[in-house]
Amino acid sequence: MRFVIQVVKNAQVVSDGELTGKISRGYAVLIGIGKDDTEEIADKMVDKMLKLRINADENGKTNLALKDVDGSLLLVSQFTLYADYHHGNRPNFLQAAGPQLAVPLYERIISRCRDAGYEVQTGVFGADMQLTLTNDGPFTIVLDSDEL
């Protein structure tokens, strides 16, 4: 599983001309789910993301977690995080999970974040979406379950 976590001042996602999610301060998170991912991996990824101290404190040091800044989450599915570009010039996505596995894990991630008390907005799974954000810093972290 892969999360690309961007600390944002604001972010929104639009699908088919309709605004589906919008946050102010928090994280815009692109979520890639691999074919070997499990509920246990999803839970570990959420726990790690929510505990990361990647928000600036009053001294400008990255010392605060999302809860410390009353931040929100914009969670967007992104199977292209599993692009394999090693052979040729057209990437394949054979390591990305299909919808039968990915949808329940994506929904679990959303639920776990809401259950932890965070405002959560989302994109539309599998849809063509346009994500607009103001990255704060810029500060971006790539969290990969293979490295946990």
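**Reading a helix crossing, a ring pair and the backbone**

Modeller: Helix α1 passes α2 in a right-handed crossing. By definition, the near helix is turned clockwise from the far one by less than a right angle in a right-handed crossing, and anticlockwise in a left-handed one. Helices (H or I, at least four residues) and strands (E, at least two) are DSSP runs, numbered from the N terminus.

Biologist: At roughly what angle do the axes of α1 and α2 cross?

Modeller: An axis is a line fitted to C-alpha atoms, for helices over the stretch in contact, and the angle runs from 0 to 180 degrees between N-to-C directions. Here the axes of α1 (residues 39-51) and α2 cross at roughly 40° and come within 10 Å.

Biologist: Which residues make the contact?

Modeller: Contact means heavy atoms within 4.5 Å. From α1 come Glu 39, Ala 42, Asp 43, Val 46, Asp 47 and Met 49, and from α2 come Leu 105, Arg 108, Ile 109, Arg 112 and Cys 113. By class, six residues of this contact are nonpolar, five are charged and none is polar. Nonpolar covers Ala, Val, Leu, Ile, Met, Phe, Trp, Tyr, Cys and Pro; charged covers Asp, Glu, Lys and Arg; the others, Gly among them, are polar.

Biologist: On what should I rely when reading such features?

Modeller: This is a predicted model, in which local features need pLDDT of at least 70 and side-chain atom pairs count only at pLDDT 80 or more, while totals for chains, interfaces and linings use all residues. Residues are numbered from 1 along each chain as its sequence is written, and side-chain values use heavy atoms, leaving out hydrogens and water.

Biologist: How many aromatic pairs does the structure hold?

Modeller: The structure holds two. Rings of Phe, Tyr and Trp (its six-membered ring) pair if their centres lie within 6.5 Å; planes under 30 degrees apart are stacked, over 60 edge-to-face, and the rest tilted. The ring centres of Phe 79 and Phe 93 are 5.0 Å apart with planes at 70°, so this pair is edge-to-face. Both residues lie in the loop between β6 and α2, 14 residues apart.

Biologist: Which residues does a cis peptide bond join, and which residue has a positive phi although it is not a glycine?

Modeller: Most peptide bonds are trans, and most residues other than glycine have a negative phi. A cis bond joins Gly 137 and Pro 138, with omega about -5°; Pro 138 is in strand β8. Asp 16 has a positive phi of about 50° and sits in the loop between β1 (2-15) and β2 (18-23).
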